[in-house]
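Reader: Could you walk me through this structure and explain the words you use for it?
Author: Gladly; here it is.
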Amino acid sequence: MNFTVDGRQVFAYTAAQAIDEAKPTIVFVHGAGLDHSIFGLQSRYFGYHGHNVLALDLPAHGRSEGPPLGTVQEMADWVMRLLDAAKLQTAAVVGHSMGSLVALECAVRHPGRVGRIALLGTTYPMKVSDAFLQAAKENRQDAYDMETIWGHSAQAALGANPNPGMWMYGESLARLGRLAPGVLYSDLNACHTYAGGEAAAAAVRCPVLLVLGRRDQMTPAKAGAAFARTLPNARLVQLEASGHSLMTEAPDATLDTLIEFFRS
Amino acid sequence: MAGPKYPGFDTLALHAGQSPDPATGSRAVPVYQTTSYVFRDSEHAASLFNMERAGHVYSRISNPTVAVLEERMAALEGGVGAIATASGQAALHLAVATLMDAGSHIVASNSLYGGSHNLLGYTLKRFGIDTTFVAPGTPENFRKAIRPNTRLLFAETLGNPGLEVLDVPAVAEVAHAAGLPLLVDATFTTPYLMKPFELGADLLYHSATKFLGGHGVAIGGVLVDSGRFDWEKSGKFPQLTAPYSGFHNMDFEEESGTRAFLLRARREGLRDFGACMAPMTAFQILQGIETLHLRMPRHVENTRKVVQLLAGNPAVAQVVYPELPEHPGHALAKKLLPRGCGAVLTVDIKGGREAGKRFIEALRVFSHLANVGDAKSLVIHPASTTHYRMSDEDLARAGIGAGTVRLSVGLEDAGDLVEDLGRALSASQKSVAQK
């Protein structure tokens, strides 16, 4: 469904359902260089099980017009303006990777509108290596390769995708291939420079779920678990068979964890 | 700091798409010889049907053994995914049926496998899908034939049987300038010799019966999507970008982005047309793929020795193989096919149809049959077999003469192949002399 935010046309997947103000809403926020389709299975489930879903494309991603937003805080405020455009007052926010930082900031900056947050593939600080940043800054192919390879567990290199017939690396590279130059760098830089994690952890009051992949090469589970200990009201779930791309590497376990969180 | 590396082709050929079986530890790909899969509960069943969970429901739509083949081919080709089909022809039909309706139009090379020519030139016409055939050697020919209702450009990477080398980058540029995808039949080249997606093609398919399976034991096809074509931006494919009442008003592109084509092809094409691959077939083709990187160099090496013999034999009027300097695609082949031009070639035997017949019948190692890409060497006379439904004019346009013989060079001892061919060439000319 298309919305107008800040005068620009932007997109959020709603599972082809009309927005119903009487239903609870879940917003899905993707990570660096990704788009709404990374949450395909999970967002569709909730869209058909009693929720409004807004699996959004951040500006300059997927179907949303650019330019990209340069900081995590700007993205969080933008998510609220998208809720305004959808005429929705409150929502839960599920964020992956960069999107998890956005979800955290949503909860802290807009506590009256965000009832709970789920942080997938997360850690803080979310530092990005100089080599990765530089490659992205120069729009080099190896930036997309790093995003693809480190964005999955080592096993994903050889496949065995739970989604029959699909190759995770190929999907990642094709998705990244559609990004405008500079967008991946903007996203990675937003992660790298985000410095609000400690303050946000101290300020967040709503229930928090963290879902980490034990084989994560981008945001290692050990670091994510350490961050979880700084968050009050946080529940930590670690999935054995997944890397950073939990929604595609372990789609059912990720969905089951989210279902349980939203039922509790 | 060096970046991370992708697994090499040889590793992917052996491993991609499979983890050791979690239930049994089986290292080989298990053959899941089952039609259907037990649901955990009613909600799980409903979620699988509504595409809220990944998994298998019914083996016409997907099967764990077939999925290994699909993912392995996607990895080898650099695509987002693949769908294995009952045959190469089923893969071509699935691509066309997913992308277009009655009233649509295709621009295709006129140098195609006879079965593809039949499908496009006759059968699809009955369903309102027209095809204009063009000589593939000049990319401009494709552009000139594009109409407002054109929805696909289609050609073989190496034409059959003339072995025209498709200028994939140039034809892809023509297609993309018109907002259209390029589909190639990559059967003769395999991902070992050419990566069409790296050259600009958007979709490809193989007759997996041929070099992928490699041993002449199973019929199958596989359709692979690069995921690079932007259906939304093109604006010509409501099949993928508008709500579809046949699947809960799903907008496939909105739903899945780069997976849109394969999503509709699987969820509609396999569901409704049903030309799926059997799990045992997938297993057999996977066995072939595991040695593709070993077999293809030997196929090419043997073919070069055969070509050398034929090109210097007085009984031969012409040898058609792109590595020969006189082949019109020679320069392009050096650029696009640096690992070799495959193992199929054609030969015009002096003396026409009768000499060709005598040649085939004198062969002892080469088997006379309708196939290519077997580990065993094969031979056929296209004008009376694979291309027999084509008119003389169409045959001439496709570079097929009355005495043209097609060879598929196998993995036998090259000396035995050369000896066999030399003897048969002599026999062919005795028949000419007797007349």
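Author: Helix α4 (residues 130-137) of chain A and helix α5 (residues 141-150) of chain A have axes that come within 7 Å and cross at roughly 130°. This is a predicted model, where local features need pLDDT of at least 70 and side-chain atom pairs count only at pLDDT 80 or more, while totals for chains, interfaces and linings use all residues. Residues are numbered from 1 along each chain as its sequence is written, and chains are lettered from A in the order in which they are written.

Reader: Why is α4(A) called oblique to α5(A)?
Author: Angles under 35 degrees count as roughly parallel, over 145 as roughly antiparallel, 65 to 115 as roughly perpendicular and the rest as oblique. The crossing is at roughly 130°, and that makes α4(A) oblique to α5(A).

Reader: Which residues make the contact?
Author: A:F132, A:A135 and A:A136 come from α4(A), and A:D142, A:A143 and A:M146 from α5(A). Being in contact takes C-beta atoms, placed from the backbone, within 7 Å.

Reader: How many residues of chain B and chain A take part in their contact?
Author: Chain B gives 45 residues and chain A gives 38 residues. On the side of chain B that touches chain A, α3(B) gives the most, with five residues.

Reader: And what does A:L82 touch?
Author: Leaving aside neighbours within four places in sequence, A:L82 is in contact with A:F3, A:V5, A:V10, A:A12, A:L54 and A:L56.

Definitions and conventions: Contact = placed C-beta atoms within 7 Å. Helix = DSSP H or I, 4+ residues; strand = E, 2+ residues; numbered from the N terminus. Axes fitted to C-alpha atoms, helices over the stretch in contact; angles between N-to-C directions.
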